[in-house]
Amino acid sequence: MSEDKTYQVTMEEHEFIYPRYEFVAQANVSDPDIFERMSLDKFPYYYKEFADMLEWDEYWHTMLDTSDAPCWKWFVGGRLNASYNCVDRHLKENKNKTAIHYVPEPEGEAIEHITYQNLYMRVNEVAAVLRDEMGLKKGDRVTLHLPMTPELPITMLACARLGIIHSQVFGGFSGKAAGERAWDSESEILITMDAYYRSGKLLDHFEKAEEACKRSEEEGQKIKTVLVWQRYKGKHSSPTPLKEGRDLVMNDLIEKHKRVKVDPVSMPAEDILFLMYTSGTTGRPKGIQHSTGGYLAYVTAMTYIIQDVQPTDVYWCMADIGWITGHSFIVYGPLSLGASTVVYEGTPTYPDPGRCWRIAEELDVNIYHTSPTAIRMLRKAGYDEPDNYNHKFKLMCTVGEPIEPEVWKWYYEKVGKNQAAIVDTYWQTENGGFLCSSVPGIEPMKPGSAGKTVPGLHAVVYDDTGREMEPGEGKAGNICMRNPWPGSMQTIWKDRDRYVRTYYERYCKDPKSKDWRDWPYMTGDAAVLAADGYFRILGRIDDIINVAGHRLGTKEVESAALVVEEVAEAAVVAAKDEIKGAVPDLYVSLKPGFEPSTELEKKINATIRDVVGPIATPKGVWIVPDMPKTRSGKIMRRVLACVSNNTDTGDVTTLANPEVVELIEEMVKKGK
Ligand code: WTA
């Protein structure tokens, strides 16, 4: 799939839509002067504005240290604590304000409004447990495998308070996936929960802990203790029993540390705040490493400039905290600004497609943030449903995948009632915060386009020869950032080489250089730059499938398929999907002596769900007599992708086995 993406793009550009006067009049940022202040010739000094949104224990002396390029160090010499900035600093004026509105999935359960004072108490108590019971200290890693309940942000902030590096694994991922990440990050402690609600069912989440421990230990990292939060305080809501000597109930431990205060540890700006694992092009997920000072400054500024969050706003980002969007825009950004943020446990369409709009109405949410997949789902399930509710959004955000202009329009007209400004924010786990978006109080929206780069960032699009492409060329190229920024990852955990290789090698002008100008950051996405400077993001140039806004490495799924004894070869391609954008479609060939069967298909499907998680569930498992291959024996995924998407496979005569393509096409067409 890494073929040339420098192709002519024919999709039409849409007309600009201007935000309403009412929005502009109240916006945090409405003076275009910001772009002048943050022009490239003033880099990096303008980032002082971002740093000054935080409270520092000790002010920094060096804005940007490039001596270890391309591992950029920001705000060197500064010290601060992220938990203090997100909690303590709001107590003086806002202790009774809601920090977190927690909405459980069952509508019969009361919404919990956690004030800043209450959040402060709870974060301290958890920090006391981590420090005094578990003996954890600054720099230790802890793996979290938590669902969307307040215990997740509270545990993250408790870690941050002590300088413990948290690594939250998406709750929907399997125990194995959690175990692999625990091993890679060398965590001795896993924090999980007994159960949580999803689509009306109380899921047994705790059963995954056993598998996580097993997997981590197989790789050589023993998890000594599993801390288990209770979904219902005072009772274990999972049919899987606790294991004596390993598992401890978090709620019981807290009882012993009621009202204990833990001083926030003053952290050098460059110390690690968290790891977030994401799919790479090779099998093993990458531990993306984010700093304390640079990351927090960046997400705070982005929440302010792009999300337009203000003190009286109620902000609902409907991502999962297990992804970077949730880290930056449910937890760290909004809480750093002292806003009220919403945590919703369940499925957006449960028990009916009006659920989101009821929550928005009840909590008076005025900023709403979600993904194209969720928007497509809500549009399909309840096209006119938003009409039935009196919610009123001033701003809405979309993130994670390209949004089709038709879907964008529904979002604008129905959900936003033709009143809300929309920002289409383009960025990645590696970036901490946004790369591209319009500034809603200054720039117009264009359906299907992510807008220009955000203030402070300067992009360049290269073609495959490394030539800088001109705006309006109408061709796709590789979008890169000319300059570093404070929210950018520091490196890949324990793998600097992979970091340099993946993001910088291709367009680096001089590998020995200490000058940031020689190190453009390669996103790995194809984009087209319109004459007006707006970017349309087309998708990955590497072997990553974007399923419902979540990155899935084709290698991850293929490796999982190969766990099945009968499977000889596996190839995964992206099949277009009406709701999720794309889903993996799997082709396998069998070892000699094995026969295809429906049972075997089911077994392969179940193994993938088990190893990677339900998110990787293949659309189809096609047991083929042979894979289409080049003469040198490489599997032609491109050809399989055409078959999966029912498009012309083109000229296949140069393949080693062209006849197999027709067989596979027939099989997929028949669905058998
Ligand atoms: C894609 C999610 C189009 C892109 C924050 C990127 C987008 C990958 C957009 C990162 C957008 C993200 N329009 N495509 N607005 N936002 N992407 O790391 O391919 O989970 O590289 O971060 O999602 O996914 P990740």
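Which helix and strands each supply at least two residues of the shell around the ligand? In this predicted model, the elements that do so are α12, which covers residues 324-336, together with β20 at 421-425 and β25 at 535-540. The legends below begin with the ligand and then turn to helix pairs and to local features of the backbone.

**View 1. The shell of residues around the ligand, which has 18 members.** The closest of these residues are Asp424, Thr425, Thr429, Asp525 and Arg551. When the residues of the shell are sorted by class, 6 are nonpolar, 7 are polar and 5 are charged. Each of the elements α12, β20 and β25 contributes at least two residues to this shell.

View 2. For arginine 540, the distance between a side-chain N or O atom and an oxygen atom of the ligand is 2.8 Å, and for asparagine 546 the corresponding distance is 3.4 Å. On its own the ligand has 530 Å² of accessible area, and the protein covers 96% of that area.

**View 3. Helix α7 beside helix α12, with axes that come within 11 Å.** Helix α7 is formed by residues 151-162, and its axis crosses the axis of α12 at roughly 60°. Because of this angle, α7 is described as oblique to α12. The crossing in which α7 passes α12 is right-handed. Helix α12 is also one of the elements that supply at least two residues of the shell around the ligand.

**View 4. Helix α6 beside helix α7, with axes that come within 8 Å.** Residues 116-133 make up helix α6, and the axes of α6 and α7 cross at roughly 60°. The angle is the reason why α6 counts as oblique to α7. As α6 passes α7, the crossing is right-handed.

**View 5. Helices α8 and α9, which pack with their axes 7 Å apart.** Helix α8 spans residues 175-185, helix α9 spans residues 207-218, and the angle between the two is about 40°. That angle therefore makes α8 oblique to α9. Here α8 passes α9 in a right-handed crossing.

View 6. Proline 44 lies in the loop that runs between α2, at residues 33-37, and α3, at residues 48-51. Proline 351 belongs to the loop between strand β17, at residues 340-344, and helix α13, at residues 355-363.

**View 7. Phenylalanine 75, a residue with a positive phi.** Although phenylalanine 75 is not a glycine, its phi is positive, at about 55°. This residue is part of strand β2, which is made up of residues 73-76.

Methods
Residues numbered from 1 in each chain as written. Predicted model: local features only at pLDDT ≥ 70, side-chain atom pairs only at ≥ 80, totals over all residues. Heavy atoms only, no water. Near = heavy atom within 4 Å. Polar contact = N/O pair within 3.5 Å; in protein donor to acceptor, adjacent residues only side chain to side chain. Areas by Shrake-Rupley, 256 points an atom, 1.4 Å probe, with all protein chains shown as cover. Helix = DSSP H or I, 4+ residues; strand = E, 2+ residues; numbered from the N terminus. Nonpolar A, V, L, I, M, F, W, Y, C, P; charged D, E, K, R; others polar. Axes fitted to C-alpha atoms, helices over the stretch in contact; angles between N-to-C directions. Parallel < 35°, antiparallel > 145°, perpendicular 65-115°, else oblique. Left-handed = near helix turned anticlockwise from the far one by under 90°.
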